[in-house]
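This briefing is meant to be read beside the sequence and the 3D view. Please keep both at hand while going through the points.

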Amino acid sequence: MTSPVLESASGFIARYDELRAYTESLASPLSPEDQTVQSMADVSPTKWHRAHVTWFFETFLLAEHEQRFVPFQDKYWFLFNSYYEAVGPRYSRPLRGVISRPGAHDVGRYRANVDDRMRDLIAGLDEGALSKIAPTITLGFHHEQQHQELLLMDIKHVLSLNPLEPVYAGRPRAAGSAPGPLGWVDFAGGLVEIGHPGGDGFCFDNELPQHQEYLAPYRLADRLITNGEWLEFMADGGYRRAEFWLSDGWGRVQSEGWQAPFYWQQVDGVWLEHTLHGTYPVDPALPVCHVSHYEADAYAAWAGKRLPTEAEWEHAARLQDETPSDTDNLGDKSAFHPRAAGEPDGSLRQLFGDCWEWTRSSYLPYPGFHASEGAIGEYNGKFMSAQMVLRGGCAFTPPGHARASYRNFFPPGARWALSGVRLADDNVAP
Ligand SMILES: [Fe+2]
């Protein structure tokens, strides 16, 4: 992992406070009962997210560097460890929802205690000592940002199962205007640089090392696929015709009865969509979201196209924008739902924000990748099998957490993540 140039202790503390407050602001619309529910194995309770990111700072910073370290509570190392084998055994993930204590308010006290101690730790270090632990503090920041996004994905699923149709928060969904026909942006390809370029900006270890890849000429769709286009796929038998589907995907269609995106339901002949703002008729102008890799791939096959590779996506993104602009629909807009693409302008619209974009690339180590030593080395590398890469960012992604080289990943059947579809095609001269 790389980290930004060392900040002053006061700068670190200010960033720490801002980041931790953002997590609490995301949880603030939720009752203690809301924060306790685990609606399926992939989902974690809100209060678990709030505690686990706190455990990260306590385990990897306070326990290592605080003088006379005493844990806040003897068993939290067991309860809030997610997957770090090097730290020791942990509580069963699918059973996180049966833990009523600590309650949401107790988790708040845990957070406040660790926050006080983290501020004291940072403020008490000289410049040399601070520079040594700065990469781990920065990793803790970006780790908490990942959980800020997951917190929203997870509570969306929790609330979707409640027949009272509770609304989370945020601005009411704006009506979209139809974005017009799909356009294409051409790229010559060639031998290109892929991966984080290093330097001052943070990246995870899975974005390294930067390396060269050869790309044949290709083109990318200039926006995400809309609900309206997805309805055409459905009307043409998209979920009933095996010829469009990867074998494993077709198996899931049949075994799980997939007929539409994850949060759609048909009532009296009308397709409705669950959102964090409530349940609405499906808006044909908005991007389709909460589809699996299998569904995205089947749509592309139906359309006579394909999904981009992650290298194609990154190369195209880097030519346009290395990082999101102020207008991209990320979590700081509090829209918490994808927006319509707007008018064509010759660029790749919706590149960052709105929906994570499935690629056709398996999540694998880059050439020369080496996991870090110790428990931190478990952060990414051990998940590099049976998952697919997604690129970009989504309407839940916190500000400062998206960049051209960022590699998100989920199993190909995952649907609760805020994922959508951008098509690609070979760019072969007629
Ligand atoms: Fe985590």
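Predicted model: local features only at pLDDT ≥ 70, side-chain atom pairs only at ≥ 80, totals over all residues.

The UniProt record, in an unreviewed entry, lists residues 16-150 for "domain: DinB-like". Over residues 16-150 the chain is 59% helix and 0% strand, with the end C-alpha atoms 19 Å apart.

**Packing of α1 with α4**
- Helix α1 (residues 9-27) and helix α4 (residues 104-123) have axes that come within 9 Å and cross at roughly 165°; because angles over 145 degrees count as roughly antiparallel, α1 and α4 are therefore described as roughly antiparallel to each other.
- The crossing of α1 and α4 is right-handed.
- On the α1 side the contact involves Ala9, Phe12, Ile13, Tyr16 and Arg20, which meet Arg111, Asp115, Met118, Arg119, Ile122 and Ala123 in α4, and by class this contact of α1 with α4 has seven nonpolar, no polar and four charged residues.

**Packing of α2 with α5**
- Helix α2 (residues 46-65) packs with helix α5 (residues 127-160) at an angle of about 170°, their axes being 9 Å apart, which makes α2 roughly antiparallel to α5.
- From α2, the contact is made by Thr46, His49, His52, Val53, Phe56, Phe57, Phe60, Leu61 and His65, and from α5 by Ile133, Thr136, Ile137, Gly140, His143, Glu144, His147, Leu150, Leu151 and Ile155.
- By class, the contact of α2 with α5 has 10 nonpolar, eight polar and one charged residues.

**The four-stranded sheet**
- Four strands in the order β10-β9-β8-β11 form an open sheet in which the pairing is mixed, and its edge strands, each pairing on one side only, are β10 (408-410) and β11 (419-420).
- Strand β8 (residues 356-362) pairs with β11 in the parallel sense over two bridges, and tryptophan 356 has serine 419 as its bridge partner in β11.

- Strand β4 (residues 218-221) and β12 pair in the antiparallel sense over three bridges, and arginine 219 stands opposite aspartate 425 in β12.

Key. Residues numbered from 1 in each chain as written. Axes fitted to C-alpha atoms, helices over the stretch in contact; angles between N-to-C directions. Parallel < 35°, antiparallel > 145°, perpendicular 65-115°, else oblique. Left-handed = near helix turned anticlockwise from the far one by under 90°. Contact = placed C-beta atoms within 7 Å. Nonpolar A, V, L, I, M, F, W, Y, C, P; charged D, E, K, R; others polar. UniProt positions renumbered as here; feature names shortened; annotations may be inferred. Pairing = 2+ DSSP bridges.
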